[in-house]
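Visitor: Could you walk me through this structure, setting each value against the definition behind it?
Guide: Gladly; here it is.

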Amino acid sequence: MAATALTTRRTTGKVIVDSKGAETERTVHPLGIVAKGPAWYLVSHTETGRRTFRIDRVTSADPTGDPVHRPEDFDLAESWREIADEIDRKRTPLEVQAVCAPHAIGILRIGFGNRLEVGGTTTDGRIDVVIRGHDDYTLAGELAGLVEWLEVTGPPGVRGHLASIGNALVERYS
């Protein structure tokens, strides 16, 4: 369906089932197909802008015969990175500010991947970082084991949860 539209460079009228089971019909200009894990997505231009659609939720696709309007400077890989970053930011809206020992940045990169932003070096030689997460409590739990290398400077809610976790550890293991 989507592959045919891409190879023939024709717009497609489609019926799409969203994550809640609702069907909508859209006319799309297919720009490319990408994979994220086991799921495949159609990157398209629609009347409301660039959109992605999970291919397994497309129930039908009928070529309209109209040519695809594809921007001259369109880069599928760059577009997908922007889409994936936007989705990740929506899923992990909380930002924690911290400073990290330089030798532990690799550990943070492994543990947090694209949820980690590395900044500059502070006057005491540590490195400013921002780590994104879903909520105060969950992110505090993820960070608690890194206390040897990481000092969370904000927000206060995460610092409060870290203090509670520390108190619970002291009570249990004293």
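Visitor: What covers the buried residues of α3?
Guide: The cover includes β6, β7 (116-121), β8, α4 and β9, where contact means heavy atoms within 4.5 Å. This is a predicted model, in which local features need pLDDT of at least 70 and side-chain atom pairs count only at pLDDT 80 or more, whereas totals for chains, interfaces and linings use all residues. Residues are numbered from 1 along each chain as its sequence is written, and side-chain values use heavy atoms, with hydrogens and water left out. The element names follow DSSP runs, helices being H or I of at least four residues and strands E of at least two, numbered from the N terminus.

Visitor: Which residues of α3 are buried, and what puts them on the same side of α3?
Guide: The buried residues of α3 are Ile105, Leu108 and Phe112. They cover an arc of only 60° around the axis, and therefore lie on the same side of α3; the arc is that of the directions from the helix axis to the C-beta atoms.

Visitor: Why does Ala98 count as buried?
Guide: Buried means under 20% relative accessible area, exposed over 50% and partly exposed in between, with a 1.4 Å probe and protein chains only; Ala98 has 3% relative accessibility, so Ala98 counts as buried. Ala98 has its place in strand β6 and, not counting residues up to four places away in sequence, touches Ile127, Asp128, Val129, Leu150, Glu151, Val152 and Thr153.

Visitor: What makes a set of residues a nonpolar core, and which residues have the most contacts inside the largest one?
Guide: A nonpolar core is a set of buried Ala, Val, Leu, Ile, Met, Phe, Trp, Tyr and Cys residues joined through side-chain atoms within 4.5 Å. The largest has 19 residues, and those with the most contacts inside it are Leu108, Phe112, Val129, Ile131, Leu143 and Leu150. At least two residues of this core come from each of β6 (94-100), α3 (105-112), β8 (127-133), α4 and β9, and β6 gives the most, with 4 residues. Apart from this core lies another, of 8 residues, among them Val34, Tyr41, Val43 and Phe74.

Visitor: What makes a space a pocket, and what is the volume of the largest pocket?
Guide: On a 1 Å grid over the protein atoms alone, a cavity is a set of points where a 1.4 Å probe fits but cannot get out, while a pocket is an open set with protein on both sides within 12 Å along at least five of seven lines; lining residues have an atom within 4 Å of a point. Points are joined across faces, edges and corners, and a volume is the space filled by probe spheres set on the points. The largest pocket has a volume of about 600 Å³. Of its 18 lining residues, Arg51, Thr52, Phe53, Arg54 and Arg57 are the closest to its centre.

Visitor: Which peptide bond is cis?
Guide: The bond joining Gly154 and Pro155 is cis, with omega about 0°; Pro155 lies in the loop between β9 and α5.
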